[in-house]
Amino acid sequence: MTASGFQQQLSQDVIQQAKTGNMLALEKIYLTYADTSYNLAFRISGNQTLAQDIVQEAFIKVFTKVNNFNCDGSFAGWIRRIVVNETINRVKSESLLRLDSDSEVVEFQSSHLFGTDWLDACSDLEFLLKELSITSRAILILHEVEGYTHKEIASFYGKSVSFSKTTLSRAYSSLMKIILE
Amino acid sequence: MHLNDEQLLELDDDNEYHISQCEECNKRAKNLAKLRKELKNLPLKSLPDKNWQTLKQIYSTRNYKAEPMRGISSGKLWPVIGVSIAASALLMIFTPSIDIFGSKALSQNQQIVALIEKNNLLQQQLVDFMSAQDKEKIHGSLIRSQLSLIDQSIQHVHLKEGSSNELLQLWNQRCELMKEELSQQPNSHIIRI
């Protein structure tokens, strides 16, 4: 099975070439990760034009900072982090995001969210996601789809781990409510 | 006692064991797994209008502007803002040799100095305008290429100790090119020099 999205890895040769500013290498990076970066930015922002803009800015950052990539971790993971940071920052600056302060976050101890298979009642999950608040949708995507830990998500937002955990529970709660109403 | 939703969302070893023993929590865990699978299987959205050439132009433009921060060794620094200053310096170096040609040469030399100042102001306006207008990036690189060619000719004249007349023509050409460029831009106001 062919790797897709951020699972795709480029050769060290391409990365080294990119570090020297080789345009062909930069193009290869862009063509490999542009779609998946857009997909991530779009899933979080819910806005096509904004997501396109985010991808452009993220790649400019990738090209500018590629020299700082120290080859310790995954190159795709490094790009993905830049895209996530760019998305969160842009969404914040576009005033689309309301960040709840930790004191506002109500601790959740529910045990009713997954008792029934309520997703069966939903025919269009994509549409449903758009109904969520941007914060809820972002954390749902980052944790459940992209696999970031609550600690990593908290650092993206400059918030506590409990903020991430509670917002995730809230996202599921909102999804369920929207479907069942 | 059943697991709460947060425990279910982040299972540790104890909770895994609980799930294996508790029918109710097992069912809830399966529902959650199904939700997660659906989320992961959302169709991939492809970037509409994926255009490498445009991104390349934007990157080159910004990189180009950032060049002066990287030091003078890069050849790209010269055409951006350094040309007039550098040329002025060269002119000062060559001034004694130009002077020996007499008062006509001296007068041309003064004209060149005035033209360099004019070029500096026009170039500043052009740089300001281009950085304010995202849409001008592609066209911006064209004007920079043209300016770069003239700059190279100016350098060449200096290096071969060419005549003031040649320099005068080149600086004039440079000035006119920027004036023309600025006059074509909507909402641009060329400052009278």
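## Helices

Helices (H or I, at least four residues) are DSSP runs, numbered from the N terminus. B:Asn119 sits in one of them, helix α6 of chain B, residues 103-132. Another, helix α3 of chain A, spans residues 48-65 and holds A:Lys65.

## Model and conventions

This is a predicted model: local features need pLDDT of at least 70, side-chain atom pairs count only at pLDDT 80 or more, and totals for chains, interfaces and linings use all residues. Residues are numbered from 1 along each chain as its sequence is written, chains are lettered from A and ligands numbered from 1 in the order in which they are written, and side-chain values use heavy atoms, with hydrogens and water left out.

B:Asn119 is buried (under 20% relative accessible area; exposed is over 50%, partly exposed in between; 1.4 Å probe, protein chains only). Its relative accessibility is 0%.

A:Lys65 is partly exposed, at 38% relative accessible area.

## Cysteines

A disulfide is a covalent bond between the sulfur atoms of two cysteines. Here the criterion is a pair of cysteine sulfur atoms within 2.5 Å. The count over all chains is 0. B:Cys25 is in no disulfide; its nearest cysteine sulfur belongs to B:Cys22, 3.7 Å away.

B:Cys25 is buried, at 0% relative accessibility. B:Cys175 is buried too, with a relative accessible area of 1%.

How values were computed: Helix = DSSP H or I, 4+ residues; strand = E, 2+ residues; numbered from the N terminus.
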